[in-house]
Amino acid sequence: MIKVSVIGGNGYTGLELLRLLAKHPQVTLSHVTSRSYASQVIGQAFPQLVDLGDLAFENLDLDKLQASDLAFICLPHGHAKAIVENLDLEKIRIIDLGADFRLKDPATYEAYYGQPAPRGDLLDQAVYGLADIYPEAIQKAQLVANPGCFVTSVLLGLYPALKAGLVDLQAIMISSASGISGAGRNESLDNLYAEMTENFKAYKPLTHRHVPEMEAELGRFAKEEVKVQFVPHLLPIARGIQSTIYTKLTGSEDLTAIHQHYQAAYQASDFVQVLPLGSLPQVKQVRGTNRCQIGLAADADAGHLIIFSVIDNLMKGASGQAVQNMNLLFNWPANLGLDQLTVWP
């Protein structure tokens with residue numbers, strides 16, 4: 001058993017993480033923080049977590065945090081770096097679900113997030129936590145940067161195509177749609193039921209903060225610069241992401257051969273499922289799970305490959321992948337505590 005802290009336990013990702021950790025057989029929750037709910041019993045404030053007993057939210061205590069074996073930080077960008085800078089990372093492992101350690105280039109972080117980047121030594125030490133692609137590096141890490149939700153769906157969708165050199169690296173267009181929980185648990189006019197129900201809209205076209213993260217990791221796959229056009233949309237559903245990725249093929253391989261590349265790339269993965277040709281994924285098929293489902297379509301005459309990638313934004317896009325990273329850090333089975341089946345309908 002390990003002692004685990006959750007910093008920022010009252011947001012959607014923090015609550016989802018507590019739901020998963022409450023039933024994880026190797027975890028004891030030792031320190032769960034929330035400034036707005038400090039001193040309140042978690043199961044009373046959020047009755048879906050009544051199984052946590054008398055465990056209460058606390059204000060952040062660095063001594064309690066340092067005494068943990070592992071800490072998940074579920075805070076907006078800018079907060080994790082201030083906490084991590086005050087910890088001895090030789091004695092604790094950190095999984096940051098925010099954006100502070102995802103970008104290796106300080107100038108890019110500062111341009112997109114509008115504040116000073118984390119210390120260079122911490123950026124150098126951070127390992128990007130795309131668990132199905134980088135398991136060996138994650139196993140050795142002390143500081144893991146959990147990927148963004150949109151980014152996870154896009155990277156998993158494109159990884160086999162880029163590794164096999166199938167598509168034009170400068171002709172990738174991505175249309176992604178996310179459920180409303182992706183906007184966070186906060187008061188916002190745009191998030192009101194009357195504003196979102198029966199509605200569908202794009203936002204931050206081409207300028208979303210996840211773009212540099214996508215391009216950096218896609219470039220890592222391809223071993224050269226990759227540029228994408230990314231347009232996110234907001235769906236009137238609680239949770240789920242579908243990314244539709246439009247690419248230009250560089251060779252003459254047919255869809256059957258491309259499908260085989262995808263199957264080979266993910267044959268060892270517990271969570272990435274390549275659907276049979278002719279089947280397309282739906283967000284409801286992965287709801288409440290740590291799975292990513294991928295479908296493929298092609299226009300042979302035009303030389304286009306279209307990739308469909310769906311995840312649950314709170315699971316594979318955040319807390320589920322964070323638990324998968326924890327399992328890697330402690331050499332546990334990847335699916336430990338993550339064997340949920342989809343809730344249907």
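Modeller: The chain is assigned two domains, domain 1 (2-146 + 318-330) and domain 2 (150-311), with bounds that come from an automatic or database domain assignment. What you see is a predicted model, in which local features need pLDDT of at least 70 and side-chain atom pairs count only at pLDDT 80 or more, whereas totals for chains, interfaces and linings use all residues. Residues are numbered from 1 along each chain as its sequence is written, and side-chain values use heavy atoms, with hydrogens and water left out.

Taken over C-alpha atoms, the centres of domain 1 and domain 2 are separated by 25 Å. In the contact between them, domain 1 takes part with 22 residues and domain 2 with 24 residues, where contact means heavy atoms within 4.5 Å.

Now to the pocket itself. The general idea is that rolling a probe the size of a water molecule over the atoms shows where empty space is left. On a 1 Å grid over the protein atoms alone, a cavity is a set of points where a 1.4 Å probe fits but cannot get out, while a pocket is an open set with protein on both sides within 12 Å along at least five of seven lines; lining residues have an atom within 4 Å of a point. Grid points are joined across faces, edges and corners, and the volume is the space filled by probe spheres set on the points. By this method the largest pocket has a volume of about 1600 Å³. There are 48 residues that line the largest pocket, and the closest to its centre are L75, P76, G182, A183 and G184. Helix 1 (12-21), helix 8 (149-163) and helix 12 (315-329) are the elements that each give two or more residues to this lining. Helices here are DSSP runs (H or I, at least four residues), as are strands (E, at least two), and both are numbered from the N terminus.

The lining of the largest pocket divides into 18 nonpolar, 23 polar and seven charged residues. In this count Ala, Val, Leu, Ile, Met, Phe, Trp, Tyr, Cys and Pro are nonpolar, Asp, Glu, Lys and Arg are charged, and the others, Gly among them, are polar. Because domain 1 and domain 2 both give residues to the lining, the largest pocket lies between them.

The buried residues of helix 1 are G14, L15, E16, L17, L18, L20 and L21. They pack against strand 1 (2-7), strand 2 (27-33), helix 2 (42-45), strand 3 (70-73) and helix 12. Residues 3-141 carry the annotation "domain: Semialdehyde dehydrogenase NAD-binding" in an unreviewed UniProt entry. This span of residues 3-141 is 31% helix and 16% strand, and its end C-alpha atoms lie 18 Å apart.

Helix 8 holds C149, which the unreviewed UniProt entry annotates as "active site". UniProt positions are given in the numbering used here, feature names are shortened, and annotations may be inferred rather than shown by experiment. C149 counts as buried, because its relative accessibility is 15%. Leaving out residues up to four places away in sequence, C149 touches H210, I241, I311, N313 and G317.

Finally, follow the chain beyond helix 12. N331 is found in the segment after helix 12, and its phi is near 55 degrees, a positive value in a residue other than glycine. N331 is exposed, with a relative accessible area of 60%. The segment after helix 12 also contains L341, which counts as exposed because its relative accessibility is 69%. Between the C-alpha atoms of L341 and A177, which are 164 residues apart along the chain, the separation is 23 Å. P345 lies in the segment after helix 12 too, and the peptide bond from W344 to P345 is cis, with omega near 0 degrees.

Methods: Buried means under 20% relative accessible area, exposed over 50%, partly exposed in between (1.4 Å probe, protein chains only).
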